[in-house]
Amino acid sequence: MATFPVVNLEKLNGEERATIMEQIKDACENWGFFELLNHGIPHEFLDTVERLTKEHYKKCMEQRFKELVASKALEGLQAEVTDMDWESTFFLRHLPESNMAEIPDLAHEYRKVMKEFALKLEKLAEELLDLLCENLGLEKGYLKKAFHGTRGPTFGTKVSNYPPCPKPDKIKGLRAHTDAGGIILLFQDAQVSGLQLLKDGQWVDVPPMRHSIVINLGDQLEVITNGKYKSVEHRVIAQTNGARMSIASFYNPGNDAIIHPAPALVENKQLYPKFHERLEII
């Protein structure tokens, strides 16, 4: 089995650019996932995001999750559960309008830090989309424009905690799925693993790495590339030891964006129909 792709952007604008761009290209074509190092978001800032996220879970969400587990009798599972996940989550919307002020229980510092984190991730997402354009032979800005619609992209964050699970063989942290949207940027726990992707019929671990950002591609990016880049199935395995933090930010097409394969990438056959972001075929 090939090694999970890790891409170090430190020398992207130097003599190693061609090598780094090839690594990104290979990851997009063959994995649909890669892990970024030296992505431009300061390590100290990521440490603050992690600390505040874990504090928020402990203070505001841990007891609620324990009550949910008790109400559903999940501690003593005998049969596999297929209609829910072993996770505690909340959602932040950034674009086109933020809902940050409406989320209850967020401490002032945490709210402020997450707003700043969203701006940093938005910038990184758009930089990555341009790198993908370069590799695909598309004009700079093509993918950002394709996502735009009339009001710009949609961008939001799912903040998840996966507490220790007594029966990880009976319930998944997050059931297998692909992501419907564009490009996903994940800041995950550096200590507790659990994220896996499906490659060549086998589940492969996405290794926890301190201060990395994991990138994966969504279904609509696969459509725009006419299948050249892959959106792959992935899941989270619940763990018996340790709580896993996951902050996944989704940079997606706007609600009225019309998604279709880029004409420059349709060589012999267009593999996907044209549709609105809401998946209405037109």
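**Backbone torsions in context**

Reply: The chain has 34 positive and 41 negative side chains, with the centres of the two sets 3 Å apart. This is a predicted model. The chain holds 5 helices and 13 strands. Its radius of gyration is 19 Å, close to the 19 Å from the globule rule for 282 residues, so the chain is as compact as a globular protein of that length. Along the principal axes, the C-alpha atoms fill a box of roughly 55 × 40 × 40 Å. Of the 282 residues, 50% count as buried. Take contacts between residues at least 6 apart in sequence: 79% of them join residues at least 24 apart.

Now the torsions. Start with the cis peptide bond: it joins leucine 95 and proline 96, with omega about 5°. Proline 96 lies in the loop between β3 (88-95) and α3 (108-136).

Next, positive phi. Aspartate 200 is not a glycine, yet its phi is about 55°. It sits in the loop between β7 (195-199) and β8 (202-205). Is aspartate 200 buried or exposed? Its relative accessibility is 64%, above the 50% cut-off, so aspartate 200 counts as exposed.

Asparagine 226 also has a positive phi of about 55°, and it is not a glycine either. Its loop runs between α5 (219-224) and β10 (234-236).

Notes. Residues are numbered from 1 along each chain as its sequence is written. This is a predicted model: local features need pLDDT of at least 70, side-chain atom pairs count only at pLDDT 80 or more; totals for chains, interfaces and linings use all residues. Side-chain values use heavy atoms; hydrogens and water are left out. Helices (H or I, at least four residues) and strands (E, at least two) are DSSP runs, numbered from the N terminus. The radius of gyration is taken over C-alpha atoms; the globule rule is 2.2 Å times the number of residues to the power 0.38. Buried means under 20% relative accessible area, exposed over 50%, partly exposed in between (1.4 Å probe, protein chains only). Contact means heavy atoms within 4.5 Å. Lys and Arg count as positive and Asp and Glu as negative; His and the chain ends are not counted. The place of a charge is taken as NZ of Lys, CZ of Arg, CG of Asp or CD of Glu.
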